[in-house]
Amino acid sequence: MKSEFTPPVGKISHISGKCVSLIGNDIDTDRIIPARFLKCVNFDSLGKSVFEDDRKTLKGSHPFDLTENQDASILIVNSNFGCGSSREHAPQALIRWGIRAIIGESFAEIFYSNCIAIGIPCFTLPKKLIQNIQKFNNSKSLFLEIDLKNCVVKSEDLSLNLEIKESSKKMFLSGEWDATATLLENSSLVDKKFKALPYIKFCRV
Amino acid sequence: MSQDTLFDKVWDLHKVSRLPGGSDQIFIGLHLIHEVTSPQAFGALRDKNLKVKFPDRTVATVDHIVPTDNQSRPFKDNLAEQMIETLEKNCLENEIRFFNIGSGNQGIVHVVAPELGLTQPGMTIACGDSHTSTHGAFGSIAFGIGTSQVRDVLATQTIAMNKLKVRQIWCDNKLSKGVYAKDLVLHVINKLGVKAGVGFAYEFAGPAIDELSMEERMTICNMSIEGGARCGYINPDEKTFNYIKNKLCAPKNETWDEALVWWKSLKSDSNSIYDDVIKFDASKVEPTITWGITPGQSVGINQQIPFLEELSPNDQLVAEEAYEYMGFKPGQSIKNTPVDVCFIGSCTNGRISDLRVAAKVLKDKKVSNNIKAFVVPGSEKVATEAKQEGLDKIFKDSGFQWREPGCSMCLAMNSDKLIGNQVSASSSNRNFKGRQGSPNGRTLLMSPAMVAAAAINGKVSDVREFINQ
Ligand code: SF4
């Protein structure tokens with residue numbers, strides 16, 4: 001886990017980093033971040049609590065606790081990752097731990113869109129290839145480079161074609177995934193609108 | 001596509017741009033925040049190194065987590081204390097006006113903004129809370145938003161949104177005695193279904209709506225969201241203007257005259273085009289009560305819980321779930337269902353007129369044995385006014401507990417909760433499983449007058465039998 005959190009901003013076209021494998025199908029949002037963390041005032045503290053219950057059970061041998069994974073930023077998962085509730089807390093916990101991209105066999109729909117909204121691209125690969133990466137990653141730590149435009153992931157001795165929804169890809173390359181940034185671009189239009197509205201002077205807050 | 005309705009006019013007025021993705025960038029005239037959905041948004045702003053763009057277009061209050069028995073600080077519940085502290089800090093740092101406990105103006109956000117005169121015709125109003133639709137009663141376009149949109153409003157005063165379609169709900173004639181706005185809106189949701197409003201703004205209109213007071217109109221718009229419509233509104237009229245006049249944040253003197261001219265120009269044209277129009281006869285509505293686990297599952301007081309065959313195939317699945325959860329049998333009458341807890345409050349029916357109606361029923365009567373009954377005023381102002389009128393005394397004399405303002409058992413984020421499978425007669429807006437704090441607690445939604453009647457008899461009763469005495 002990285003100590004300082006800086007969220008992604010604007011266009012996202014390249015992501016590189018070490019990867020961490022998490023083996024298992026149907027890992028739900030409750031396992032990613034247990035429900036008791038929902039009553040919180042900010043997402044800041046979620047990073048350290050990601051997978052808290054699973055990690056407690058595994059007493060230090062959970063992939064997120066292994067020393068060699070501490071600075072990993074690409075998560076490799078299996079099928080239907082992020083199923084369960086619609087809480088945005090799950091991707092927030094992952095991004096705050098340090099995850100910047102996820103590659104998996106498949107994702108739950110709401111989890112997927114929550115990831116896009118906070119700047120985590122999620123890619124898919126066929127089951128076999130995921131398993132190969134996970135096996136390889138278990139024996140030595142793997143450094144991956146993702147090129148979003150061409151949808152390829154490369155390491156020293158591998159190069160694979162990734163799948164991502166065309167609309168999501170466009171949003172990352174243009175920066176439109178970041179609604180705030182897109183809206184901020186029209187700042188002068190907003191000022192103009194503010195001045196033009198008849199009621200601003202009627203309603204004094 | 002709708003044309004020349006109030007919704008179209010207000011939308012066009014607030015449109016900043018068409019975004020490349022196809023949605024509109026909409027300016028938000030008034031942004032309301034509370035302790036539950038704002039902290040993460042402020043956090044996101046800090047993460048991105050952004051500032052609040054127009055701090056004086058946002059107003060805060062605290063409502064969801066406040067205790068209603070003892071409000072002295074620090075709160076007994078650490079987490080609640082942490083949430084209010086965070087809101088205090090965020091408002092202070094960002095120079096946002098905060099109506100805190102003890103200010104005389106704290107309360108449920110949707111009760112507070114209208115009574116301060118902040119809610120006005122022709123505005124766009126957003127809040128991280130689905131019942132923001134309430135404010136549409138004044139002819140504003142008001143809707144709930146998610147946390148990431150709260151962040152966007154703070155940072156840019158705008159959100160990205162697709163324009164809604166407009167459905168007019170025309171209500172003919174008028175409500176009969178002992179039948180209230182709550183009954184009408186429950187009836188409408190029952191007939192149209194809880195999903196019918198998805199993608200729509202609901203315009204409530206017609207003689208029955210014109211007849212309603214502003215507070216009753218708020219009850220109607222408040223529950224638009226339970227019919228699936230993110231936004232509900234009513235064209236403004238003299239009642240609207242009179243309600244706003246002299247309120248704390250209302251325009252004064254020449255600005256008032258100017259405002260009035262503009263407000264009067266704001267309504268759907270007589271030949272405006274709607275995406276859909278549905279008519280109701282308000283005079284046919286009876287006191288209405290929910291029997292199930294969605295606000296659409298309701299019946300009139302003299303009706304029976306429906307048989308499966310009477311329901312559309314779409315509704316049958318959730319009906320079966322509801323019989324089982326509520327412990328009701330199809331064909332059973334709703335009248336005389338025993339209740340354990342009676343709750344008067346919430347942003348639907350926690351206003352002064354609601355308390356007046358309930359107090360009138362309760363005067364010189366006693367709450368039935370073994371019933372826990374409590375009234376939670378919607379705001380400090382409502383509480384003060386009620387005390388001035390002696391309503392608190394009527395409630396207490398009858399056996400109701402008189403509490404401090406907040407959301408309370410509407411969603412039970414504080415310590416007011418159902419226990420086990422208790423049945424509550426509630427003036428709130430949601431009867432979802434577990435909504436009132438117990439995973440198997442059961443909620444019957446009804447008007448505040450009907451809650452009062454249920455409290456007296458210890459079972460679901462027809463309030464008309466009380467007011468005609
Ligand atoms: S009273 Fe109930 S519905 Fe209204 S804002 Fe509070 S919790 Fe939400």
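In this predicted model, chain B carries 52 positive and 54 negative side chains. The centres of these two sets of charges lie 1 Å apart.

Chain B is built from 17 helices and 19 strands. Its radius of gyration is 21 Å, close to the 23 Å given by the globule rule for 469 residues, so chain B is as compact as a globular protein of that length. Of the contacts in chain B between residues at least 6 apart in sequence, 76% join residues at least 24 apart. Other overall values for chain B are listed here.

| Property of chain B | Value |
|---|---|
| Span of the C-alpha trace along the principal axes | about 55 × 55 × 45 Å |
| Share of the 469 residues that count as buried | 64% |

Chain A is divided into domain 1, residues 14-174, and domain 2, residues 176-205. Between the C-alpha centres of domain 1 and domain 2 of chain A there are 36 Å.

One element of chain A can be followed in detail. Helix 5 of chain A covers residues 109-118, and its buried residues are A:Phe111, A:Tyr112, A:Asn114, A:Cys115, A:Ile116 and A:Ile118. The partners against which these buried residues pack include three helices of chain A: helix 1 (29-32), helix 4 (89-97) and helix 7 (166-174). Strand 3 (101-104) and strand 4 (122-124) of chain A are also among the partners. Just after helix 5, A:Gly119 takes a positive phi of about 95 degrees.

Notes
Residues are numbered from 1 along each chain as its sequence is written. Chains are lettered from A and ligands numbered from 1 in the order in which they are written. This is a predicted model: local features need pLDDT of at least 70, side-chain atom pairs count only at pLDDT 80 or more; totals for chains, interfaces and linings use all residues. Side-chain values use heavy atoms; hydrogens and water are left out. Helices (H or I, at least four residues) and strands (E, at least two) are DSSP runs, numbered from the N terminus. The radius of gyration is taken over C-alpha atoms; the globule rule is 2.2 Å times the number of residues to the power 0.38. Buried means under 20% relative accessible area, exposed over 50%, partly exposed in between (1.4 Å probe, protein chains only). Contact means heavy atoms within 4.5 Å. Lys and Arg count as positive and Asp and Glu as negative; His and the chain ends are not counted. The place of a charge is taken as NZ of Lys, CZ of Arg, CG of Asp or CD of Glu. Domain bounds come from an automatic or database domain assignment.
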